[in-house]
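The following exercises concern the structure shown below.

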There are 2 protein chains.
Amino acid sequence: MQLQFWSIGKKNEAYVAEGIALFTKRISHYYKVEWKIIATTKNSAVLSAEDLKIEEGKIILNNLQKDDYLILLDERGKNLQSEELAKVLQKRNNNSTKQVIFLIGGAFGVSDEVIKRANFNWSLSNLVFPHQLVRLILAEQVYRACTINKNEKYHHV
Amino acid sequence: MQLQFWSIGKKNEAYVAEGIALFTKRISHYYKVEWKIIATTKNSAVLSAEDLKIEEGKIILNNLQKDDYLILLDERGKNLQSEELAKVLQKRNNNSTKQVIFLIGGAFGVSDEVIKRANFNWSLSNLVFPHQLVRLILAEQVYRACTINKNEKYHHV
């Protein structure tokens, strides 16, 4: 199984870059893993929030394979405990899913088409985080999930 | 009103240090703010988890002033939305609270005495985060709360 992290927006800011690199490297000991930072559309400044989401949604949907398992990070999604995220990943692995994609949407979220396409909608917290920080939290939680599934001690330290 | 962030454990790791510095500096435009990284007790390696919490608890309680408003970061605490955290801070400010302390406990949490002393128990998320990352998330959320209370645009970008 491969993991991909997709995020719409700018490259990693300095304050999160080291942590993202750290946890991504650790994840790579469990799964092949890759980040895809997707630039927003060139005309984003002149589009309405709704149109921007539709344009970004087209880019996302074009990049998806039919059998990709898409986990959308979504404020209206389901709150999970770390152990529950681990179970989601374990189940995908057991079901021979080829690729799990974690998607962080754009500044205004994602289009209805992307929401419909998502296999799972996950809310990290009731708090609102900046998208840069979401990337770091996501990488740490996915690493944590890997260690939980292998019964390693990181989660309980 | 002054804000203090107390955290039991080691100094900031490189991967969170820049972000914590960034958001702490931003908070300083709203409130006087200070971090206190409290080293665990010297004999921590030979203590049981329970005894360690009691020893750390004594250090914490000794450092508290009687009218400090203590917000304990606690997995069993209340989940808040960012706007709700902003209201907690606003209410303290309106009530002429001198000092609000956000406390991140030690590796095994905090003692029952500290839990009893806390004025508010706050859970960031259903997810478990490493304490280093909790420091960064906390700094960002308190900065966000400051901007929400001033009706500034950071929260909605």
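**Exercise 1.** How many bridges join strand 1 of chain B to strand 4 of chain B, and in which sense do the two run?

*Solution.* The model is predicted, with local features needing pLDDT of at least 70 and side-chain atom pairs pLDDT 80 or more, while totals for chains, interfaces and linings use all residues. Residues are numbered from 1 along each chain as written, with chains lettered from A and ligands numbered from 1 in written order.

Step 1. Strands are DSSP runs of E, at least two residues long, and helices runs of H or I, at least four long, numbered from the N terminus; strands pair if DSSP finds at least two bridges between them.

Step 2. Six bridges link strand 1 to strand 4 (residues 99-104) of chain B, and the two are parallel. B:Phe5 lies opposite B:Phe102 of strand 4 of chain B.

**Exercise 2.** Identify the pairing of strand 1 of chain B with strand 2 of chain B.

*Solution.* Step 1. Strand 1 and strand 2 (residues 32-38) of chain B are parallel, over seven bridges.

Step 1. B:Trp6 has B:Lys36 as its bridge partner in strand 2 of chain B.

**Exercise 3.** Which helices of chain A each supply at least two residues of the side that touches chain B?

*Solution.* Step 1. The contact (C-beta atoms, placed from the backbone, within 7 Å) takes 23 residues from chain A and 23 residues from chain B.

Step 1. The helices are helix 1 (14-27) and helix 5 (131-149) of chain A. Helix 1 of chain A gives the most, six residues.

Notes: Two residues are in contact if their C-beta atoms, placed from the backbone, lie within 7 Å.
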